[in-house]
Amino acid sequence: MGIRGLMSFVEDHSNEFFTDLKLRDTKIVIDGYALFHRLSFNSNLELRYGGDYDSFADIVQNFFESLFACNICPYVVLDGGCDISDKKLTTLKDRAREKIQMAHSLSVGGSGYVCPLLIREVFIQVLIKLQVCFVQCFSEADRDIMTLANHWNCPVLSSDSDFCIFDLKTGFCPLNSFQWRNINTIKGTQNYIPAKCFSLEAFCHHFSNMNKALLPLFAVLCGNDHINLPIMETFLSKARLPLGATSSKGRRHHRILGLLNWLSHFANPTEALDNVLKYLPKKDRENVKELLCCSMEEYQQSRVKLQDFFQCGTYVCPDALNLGLPEWVLVALAKGQLSPFISDALVLRRTILHTQVENMQQPNAHRISQPIRQIIYGLLLNASPHLDKTSRNALPPQPLAFSEMERINKNIKTSIIDAVELAKDHSDLSKLTELSLRRRQMLLLETLKVKQTILEPIPASLKLPVAVSCYWLQHTETKTKLHHLQSLLLSMLVGPLTAIINSPGKEELQEDGAKMLYAEFQRVKVQTRLGTRLDLDTAHIFCQWQSCLQMGMYLNQLLSTPLPEPDLTRPSAFNTLNEDIWRHTKYGGTLYISRLYSGSLVHGLCQQLLASTSVESLLSMCPEAKQLYEHLFNATRSYAPTEIFLPKGKSNSKKKRQKKQNTSCSKNRGRTTAHTKCWYKGNNRFGLLMVENLEEHSEASDLE
């Protein structure tokens, strides 16, 4: 939720409404959504290139290590899907439009704040690695956070202004004054984090000792994310709200000041509400009263007892139980093993496709992954008979229809998408987990149009990203070029390089070559961040890849991970190649480093490969990285369109011959041939590994 302008208002009165804290030796309940946004936007991270997830993961780790150093025990609570009533839809649409404008600004060199697409997945994986307790609520988490914090008598950490309204026993610490980077020490032994705590008592005292029970009415009158009645402007214009003394700085807060001063004259919410209704037309009063009362209930205690989840692993949400969803789905949602995308599709039959920093003149980057989503929707079709009434409220009467809120140009549009009707044994969501691993894996790979044999040489943790990359390459609308594929695969080597360099007891593997290659990757990444202009077409292509990876992960999760989930926060294993070097690690048996995808590195490598660098020259210094790259490239090249391997000029001058040649060459994908011609930059044999001399092959095809 959130009350417009309230957070900046209380911060303008920081000396009056906040007390200083030396936070240590306590539990703390953290608003997970607010935290990962704050860490993403206020840590000088690069947002143009689709996510430097490694840098973000490092920042998240540093944050929680600061808490651990002060003996602060964090409990992270994440929002789930949209509310069943869908009352926040208007706000969601407004925010989606704002994100589109900010993404466009970033894409043309301006400013803006747009979270990279996989930021939530990275955040959750870091929580798991650090063994931080977390829960994903069924819908919005604010009330559950307040109820848990009051049960444990501990503070809340968030940036949501609604926590200035909730009656919290131990208070609310805003993220922007939580100095986790500035740990102090008492008497040389006890660490603490300087913080500020909002005082509800001081706030109400400032407004003539207002009854704090009036604050929920203030929130809904002022306008929060759940209510924005145009008719309330009638009340605001007629009531002549008393402003009181205002500074020049406070003039932007006239409505907040006026409402609080006006409400302070009433003894309780009932009296105040009756006076509000007097200013409205009689015909509207009952409906408005019902809506205001319903919205005020959002600030009361929740019926969900999160302490039971953290202590016993039991998550009971009455709203979710009333829908009759399968037990395994409810458990997986609470543990963050299924995304809110899944619960939105289940409950509302509507999903939101988040805009990335992409080319706004091209079709939405999520279009490429639509076939994957249609399979997801097919699996969710027959979840529960209790969902029929709920989901039909938001959709046309088509039995297979789901709606998607997506970017069209620089606006949003809701598109109707049909689910794929699946075989009978896949149509019962409650029994989906009972299917054999082989059946679930087969459905996943058939959706991605990838043969299992292709993945056999690939390390387990990279099987899904490689399968997704094969799916991505098969879609001609991606306009993928060879250097895009090469850059993507090269970026997947950073994790293994880090593991080689840092692995204890394996000094013989810690060769200068691995360090040199890693240093070169870091140099490329830094150079890219120093002001290189964004190539919009390249950005769009990698946005399409991220969309495919995201939806591939969601389908994999829904099928109970028939392929290992790609770990966005650790290096990828070599599988049979030196597998034991991954075992001597810091957290949960793995190095804590996010290395699957780094936008700055991938974009920088694209520029290097287009300029003069070859893949072969890069990898010649590190045999281990070279061997893994060959495995990755061999798996993906058989799904790439043949024309991406043509030398410059050939693709433009010989399109007719290529058309014939593509038909013939497609039969020979994956075969080793004796005649290989290396056309790409610097005799790049990896770029054209096992590709026939296309000129000779084309001439032979003409003769046929």
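Predicted model: local features only at pLDDT ≥ 70, side-chain atom pairs only at ≥ 80, totals over all residues.
Close-up 1. Just after α20, Lys449 adopts a positive phi of about 60°. The helix itself covers residues 437-448, and its 12 residues reach 17 Å from the first C-alpha to the last, which is close to the 16 Å expected at 1.5 Å a residue.

**Close-up 2. The buried residues of α20 and the helices they pack against.** Arg440, Gln441, Leu443, Leu444, Leu445, Thr447 and Leu448 are the buried residues of this helix. These buried residues pack against α18 (370-380), α21 (452-455), α22 (463-474) and α26 (536-558). An α-helix has 3.6 residues a turn, so residues three or four places apart point the same way.

**Close-up 3. Thr480 in the loop between α22 and α23.** Thr480 is found in the loop that lies between α22 and α23 (482-491), and with a relative accessible area of 7% it counts as buried because that value is under 20%. The side chain of Thr480 makes a polar contact with the side chain of Thr478, at 2.7 Å. When neighbours within four places in sequence are left aside, Thr480 is in contact with Trp472, Leu473, Leu485, Ile541 and Ile644.

**Close-up 4. The rings of Trp262 and Phe266.** The ring centres of Trp262 and Phe266 are 4.7 Å apart and the ring planes lie at 65°, so the pair is edge-to-face, the cut-off for that class being over 60 degrees. Trp262 is buried, as is Phe266.

**Close-up 5. An aromatic cluster, and a charge over a ring.** One aromatic cluster is formed by Phe9, Phe17, Phe18, Phe198, Phe203 and Phe207. In a further view, the charged end of Lys27 sits over the ring of Trp152, at 4.0 Å from the centre of that ring.

Notes
Residues numbered from 1 in each chain as written. Heavy atoms only, no water. Helix = DSSP H or I, 4+ residues; strand = E, 2+ residues; numbered from the N terminus. Expected span 1.5 Å × (residues − 1). Buried < 20%, exposed > 50% of the residue type's maximum accessible area, 1.4 Å probe, protein only. Contact = heavy atoms within 4.5 Å. Polar contact = N/O pair within 3.5 Å; in protein donor to acceptor, adjacent residues only side chain to side chain. Phe/Tyr/Trp six-rings, centres within 6.5 Å; stacked < 30°, edge-to-face > 60°. Lys NZ or Arg CZ within 6 Å of the ring centre and 35° of its normal.
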